[in-house]
Amino acid sequence: MKFFVDTADVKEIQELNDLGLVDGVTTNPSLIMKSGGKILDVTRQICEIVKGPVSAEVTATDYEGMMKEAKVLMKIADNIAIKVPLTLDGLKACKAIRSDGRMVNVTLCFSATQALLAAKAGASFISPFVGRIDDMAEEGMEIVSEIRTIYDNYDFKTEILAASIRSVNHVKQAALIGADIATVPPATLKALVKHPLTDKGLATFLEDWKKTGQHIG
Ligand code: G3P
């Protein structure tokens, strides 16, 4: 499974990238707003840190507007993946951008049938929003599983990028289903490493080691 970091916070991205945990980054208009920076500057800084796919989202809702914005965003770096919403205009833009050989992440996906259309449009990535489906008292991971089955049935190359990930368990479930990528908020990514028995066991080892009076080196 690849881990993308779901943030536009450059400092957080740098820290996690230094740990070797980052295969890509996803941003969206809300995350850009939270960063307090200008989209082109923030996205450029992220692309200077992370060499994997960096998703930058268009804000136009019409095809022509999306294509204009995509051209601006694609100039930032070769590893930019243009994020378009799962609408008919978004799918049309996806097909056009993909025909130019550039990456597209189709976002705001909430059903397997939407994901089927995205694959037909040649999307590089599909982003089912697990947490937001859960918020509706439905099963977000069920959608990821359905998409996995459909994509495998037809050997679609679109990568499943599980998004709106809210917990360590979401990451585990997405991995068990076989999602290609999970895009994870920094805090959740860091939480993956935590287990109380690891902390307890390490403390015991260090206490016992201290009793030996020995040093290595
Ligand atoms: O990548 C999509 C993600 O940023 C949305 O997360 O928690 O706002 O549903 P959330």
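Predicted model: local features only at pLDDT ≥ 70, side-chain atom pairs only at ≥ 80, totals over all residues.
Student: How far does a polar side-chain atom of serine 164 lie from an oxygen atom of the ligand?

Tutor: The separation is 2.7 Å, which lies within the 3.5 Å cut-off and therefore counts as a polar contact. The side chain of aspartate 6 also places an N or O atom 2.6 Å from an oxygen atom of the ligand, and for the side chain of arginine 132 the corresponding distance is 2.7 Å.

Student: Which residues are around the ligand?

Tutor: Besides Asp6, Arg132 and Ser164, the residues around the ligand include Asn28, Leu31 and Lys83, together with Phe129, Ala163 and Arg166.

Student: Let us turn to the helices. How are two packed helices described?

Tutor: The description rests on the angle between the two axes and on the distance between those axes. In this structure, helix H6 (residues 112-120) packs against helix H8 (residues 140-154) with the axes 9 Å apart and at an angle of about 40 degrees, and H6 and H8 are therefore oblique to each other. The crossing of H6 and H8 is right-handed.

Student: Which residues of H6 and H8 meet?

Tutor: From H6 come Ala112, Ala115, Leu116, Ala118 and Ala119, and they meet Ile143, Glu146, Ile147, Ile150 and Tyr151 of H8. Sorted by class, the residues of this contact are nine nonpolar, no polar and one charged.

Student: At what angle does H8 pack with helix H9 (residues 168-177)?

Tutor: The angle between H8 and H9 is about 20 degrees, with the axes 10 Å apart, and that makes H8 roughly parallel to H9. H8 passes H9 in a right-handed crossing. On the H8 side the residues are Met141, Val144, Ser145 and Arg148, which meet His170, Gln173, Ala174 and Ile177 of H9; by class, this contact has four nonpolar, three polar and one charged residues.

Student: How do the axes of helix H1 (residues 10-18) and helix H3 (residues 39-49) cross?

Tutor: The axes of H1 and H3 cross at roughly 5 degrees and come within 10 Å, so H1 and H3 are roughly parallel to each other. Val10, Ile13, Gln14 and Asn17 of H1 make the contact with Val42, Gln45, Ile46 and Ile49 of H3, and the classes represented there are five nonpolar, three polar and no charged residues.

Student: Which residue caps the N-terminal end of H1, and what phi does glycine 20 take just after this helix?

Tutor: The cap is aspartate 9, in which a side-chain oxygen lies 3.0 Å from the backbone nitrogen of lysine 11. Just after H1, glycine 20 takes a positive phi of about 75 degrees.

Definitions and conventions:
Residues numbered from 1 in each chain as written. Heavy atoms only, no water. Axes fitted to C-alpha atoms, helices over the stretch in contact; angles between N-to-C directions. Helix = DSSP H or I, 4+ residues; strand = E, 2+ residues; numbered from the N terminus. Parallel < 35°, antiparallel > 145°, perpendicular 65-115°, else oblique. Left-handed = near helix turned anticlockwise from the far one by under 90°. Contact = heavy atoms within 4.5 Å. Nonpolar A, V, L, I, M, F, W, Y, C, P; charged D, E, K, R; others polar. Near = heavy atom within 4 Å. Polar contact = N/O pair within 3.5 Å; in protein donor to acceptor, adjacent residues only side chain to side chain.
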